[in-house]
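Please brief me on this protein chain.

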Amino acid sequence: MDSPETKLLIEQKQELIDQYLQGQEPNFLEKMTTRLDEYFYRVFEKSIAARKMVISGSPFAIIALGGYGRKEQCIHSDIDLLILFDKVIPPEVEAFVQELLYPLWDARFEVGYAVRNINECIKMSFERFDILTTVLDARFICGASLIYSAFMEDFRQQLSAKHLKPTLNYLYENGEKRLEDFGDSSYLVSPDLKSGFGGLRDYHTLLWYAKIKSNIKIRRDLEYYGFLSHFEYESLEEALTYIWDVRNRLHHISHRKNDTLHFENQAEVAGLMDYTDMSGLPQVEVFLGELHEKMDFLKQIYRITFEDIVSTCRVKKETVGPRPTKTEGLVVKKRRLYFANTVTIIQHPDLLLRIFLESGQTRIPLSIEARRVASEFRHLVDHDVRTDPECVKIFKRILGMSLWKFNVLNVMLSTGILAQFIPEFSPLVHKIQYNQYHLFPVDKHSIRCVQILNNFKDPGDTMMGTLYNSVFKEIRNKNVLLVAGLLHDIGKADPAKEHSRRGAEIAGPVVDRLGFSPSEKEDILFLIRNHLFLAKTATRRDIFDEETAVYTAHKIGKIRLLRMLFLLTVADSKATGPKAWNDWTENLLKDLFFKSMSIIKTGELASKKTQRLIEKKKKEVLALLRESWREEEVTSQLSNMSRRYLLYVPPQNIVDHINLFRNLGDREYIWQITKENESDMRTVSICGRDKPGFYSKLSGVFFQNNIDIVGSQAYSLGDSHFLDIFNVRPPQDRLFEKEKWEKAGQDLSMALEDDHYLDNVLEKIPTVVTISSGRPPEPSQVRIDNETSSFFTIIEVLTYDFPGLLFAVTNTLYRSGINVNAAMVATKVDQVIDVFYVRNIEGDQKIESEDKLEQIKTAIINRLPQIQSKEVINEKN
């Protein structure tokens with residue numbers, strides 16, 4: 001039951017939150033802290049248990065720790081307390097804890113506490129550094145102030161005398177582990193506002209370091225004691241205010257402590273912070289761009305701290321002054337690069353590039369001072385510098401030195417030198433692509449792409465790493481590939497146009513300034529224009545169809561372009577995130593690359609090696625069927641199968657399929673359901689008589705029985721039979737899975753007999769689909785491709801996923817006189833791209849009529865449900 005003190009605290013907290021959300025409480029964190037302090041004052045004053053302990057000679061202090069100690073109390077931040085005694089801890093303390101904390105716990109406040117004496121607390125502080133950092137933030141609330149003072153004095157003495165270096169080492173090592181655990185938040189579209197690099201913990205680390213070194217008391221002392229310049233301190237205050245604002249609003253909408261700004265929360269937070277357009281919709285990209293700018297500054301603050309810690313703990317005191325480098329105008333001091341003086345920069349602005357080249361060559365980082373100077377003097381990188389052949393040469397060399405573990409190019413970005421040298425890159429800085437597909441802002445993604453390309457220099461210890469390394473070695477002009485990697489997304493500066501083509505237009509003048517020859521320029525612009533081509537083809541086309549590889553080879557045309565486009569595609573996908581890169585995607589790209597390479601080299605896919613593989617597989621199948629089939633029967637059956645099927649289907653599976661065909665008899669179809677090894681997927685192999693609409697009816701039956709089709713492959717068995725192989729997710733009820741499959745089989749038989757058997761199932765397909773998004777949904781699209789395949793028209797349907805999607809589309813096609821021969825599913829984050837290989841039912845040919853194609857597009861669009869955004873609905877309401 002809430003106490004009067006707790007009820008008052010809850011009322012005061014809610015009043016503060018209401019004022020804050022209305023923009024009327026600028027000092028929210030401090031006032032939240034004050035309200036908590038007042039609660040502890042009131043309980044302490046009224047507590048009988050506290051009075052007994054004091055009277056009996058056991059005074060104590062109530063001390064705030066951590067964020068509460070720093071007076072940085074957000075809406076749902078933890079409340080960390082220390083109840084500290086001088087020596088003996090009396091038993092009455094248990095009753096006091098009940099009076100003090102139980103009401104808070106009942107009211108769902110997150111309160112952590114410890115009861116210690118001074119010696120015990122100091123001992124634990126130096127044994128566990130996570131406790132030590134909370135003690136560094138300790139603040140007296142009420143009780144016996146002399147106990148608090150004695151504790152802090154003893155703590156400071158022992159810290160300085162025995163534990164200074166281990167403590168600083170801990171700050172360094174904890175930072176390394178934090179990066180490993182949480183990542184660089186200034187790189188992530190869903191950043192961790194507290195623990196990631198660029199989060200609040202970077203500022204906390206600086207504060208702890210300053211408290212250890214100089215025993216500062218408040219944040220303002222960071223400037224007074226020289227840890228930050230006046231400009232840096234003002235920028236820090238601005239960044240902290242902004243990030244705390246984001247964090248508080250995230251706490252508010254999450255109704256709990258939450259420090260990761262997940263995709264689904266971003267639109268609502270942006271709206272609460274008044275990032276809206278004229279129609280009232282959240283401008284999430286603008287909001288995230290500003291957030292990343294502030295977090296990037298906090299990361300720079302951490303680097304200042306990191307350098308100071310390293311110079312204090314890890315570097316022996318230098319007996320001589322700064323030593324010169326091979327580059328005149330640059331010096332090394334305490335293993336950091338500095339400009340010798342600013343006058344030299346004015347006289348030789350090329351030093352603003354040369355310092356990065358020196359850093360890359362020597363693996364010596366720029367000092368924070370050098371970064372600050374580079375940023376302040378970046379305006380000197382003007383047209384003369386950009387077009388100077390020597391400066392262009394320096395920049396190309398820097399590109400080749402940008403690696404993940406030593407990130408020269410990213411330092412160029414953070415200082416503004418990169419955008420100054422390539423002004424066309426400026427619109428990408430801190431630009432966010434608001435979707436779950438891209439983990440990184442566009443600028444960081446582009447640099448990450450270059451780093452991955454450079455990593456291909458090292459084969460690593462994996463088979464794929466060896467492949468990438470061998471392809472990379474074959475590329476004669478690495479600069480062509482690296483510049484394409486840096487500029488491949490530069491078209492996203494103009495969101496109104498398709499970014500690949502627009503990127504080639506924007507990049508043209510950049511490539512000219514970088515001094516590439518006409519043929520090199522043509523290659524770079526081709527790579528930018530087509531950097532999505534291989535990935536789209538591999539994931540949206542049937543790469544087991546020889547024509548896909550033929551089309552790809554003809555599109556690219558040259559081996560050098562194929563090699564570079566392959567590596568650029570891999571780097572781009574890896575730099576995008578796990579939704580764009582996985583083992584499945586990697587293997588598809590690899591197969592498409594080798595097939596296309598073979599065609600460009602020999603003019604055909606059916607190489608002698610391929611033919612040998614097929615003949616070997618036929619012999620294996622014959623051996624497996626020798627006891628149950630006559631050889632001439634097997635040979636006849638194999639002759640009816642396509643080379644594509646024989647090349648890619650394992651021998652045992654071929655045997656299973658031949659047995660399916662033999663057991664078909666007079667039935668319309670027969671199927672075999674197998675479970676994939678260590679997977680929750682099922683493979684459904686269906687052999688049957690070729691009949692129009694089969695795929696549509698099968699899709700409807702699977703939808704009716706809650707079986708989700710992930711993908712399929714279709715093969716012909718002579719002129720009148722087919723073999724379809726489906727990858728599906730099975731029915732949800734695993735206990736009765738066998739009965740579910742039996743029911744699905746009965747439904748399929750009925751659907752094949754009665755063309756209208758599934759009409760009632762169509763009514764279950766939703767007419768409206770609501771998605772979670774902070775913006776109006778993208779309209780559904782239908783695209784027609786009549787070029788890739790000589791035998792099929794390829795239809796792409798891009799829409800948001802919903803139950804019955806495949807049945808809705810395939811039924812529409814069937815009713816339009818179109819037969820689906822195969823389908824593929826390619827996920828595009830919250831959307832899906834379903835790809836259908838189709839022919840006319842009459843004549844069994846491609847669809848050539850433009851009127852017919854337009855009718856199909858319209859019919860599919862009309863059949864798809866209306867898509868609406870959950871957040872947009874709420875906004876209207």
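Predicted model: local features only at pLDDT ≥ 70, side-chain atom pairs only at ≥ 80, totals over all residues.

Residues are numbered from 1 along each chain as its sequence is written, and side-chain values use heavy atoms, with hydrogens and water left out.

**Whole chain**

- The protein chain holds 39 helices and 17 strands. Helices (H or I, at least four residues) and strands (E, at least two) are DSSP runs, numbered from the N terminus.
- Along the principal axes, the C-alpha atoms fill a box of roughly 100 × 75 × 60 Å.
- Of the 877 residues, 55% count as buried. Buried means under 20% relative accessible area, exposed over 50%, and partly exposed in between (1.4 Å probe, protein chains only).
- Take the contacts between residues at least 6 apart in sequence: 70% of them join residues at least 24 apart. Contact means heavy atoms within 4.5 Å.

- In helix α31 (residues 631-639), the buried residues are Val634, Gln637 and Leu638. They cover an arc of only 100° around the axis, which puts them on the same side of α31. The arc is that of the directions from the helix axis to the C-beta atoms.
- An α-helix has 3.6 residues a turn, so residues three or four places apart point the same way.
- Helix α33 (residues 651-664) has 14 residues. From first C-alpha to last it reaches 20 Å, close to the 20 Å expected at 1.5 Å a residue. The expected span is 1.5 Å times one less than the number of residues.
- Buried in α33 are Pro651, Ile654, Val655, His657, Ile658, Leu660 and Leu664.

**Helix pairs with α28**

- Helix α22 (residues 463-473) and helix α28 (residues 559-576) have axes that come within 9 Å and cross at roughly 135°. Axes are lines fitted to C-alpha atoms, for helices over the stretch in contact, and angles run from 0 to 180 degrees between N-to-C directions.
- α22 and α28 are therefore oblique to each other. Angles under 35 degrees count as roughly parallel, over 145 as roughly antiparallel, 65 to 115 as roughly perpendicular and the rest as oblique.
- From α22, the contact uses Leu467, Tyr468, Val471 and Phe472. From α28, it uses Arg563, Phe566, Leu567, Val570 and Lys574.
- Helix α23 (residues 478-487) and α28 have axes that come within 10 Å and cross at roughly 40°. That makes α23 oblique to α28.
- Val480, Leu481, Ala484 and Gly485 in α23 meet Met564, Leu567 and Leu568 in α28.

**Leu534**

- Leu534 lies in helix α26 (residues 533-540). Leu534 is buried, at a relative accessible area of 1%.
- Leaving aside neighbours within four places in sequence, the contacts of Leu534 include Ile556, Leu562, Leu565, Phe566 and Leu589.
- Leu589 is 55 residues from Leu534 along the chain, yet their C-alpha atoms are separated by 7.1 Å.

- Lys71 has phi near 65°. Lys71 sits in the loop between α4 (66-69) and β2 (79-85), and is partly exposed at 38% relative accessibility.
- Arg108 has phi near 70°. Arg108 sits in the loop between α5 (93-106) and β3 (111-117), and is exposed, with a relative accessible area of 74%.
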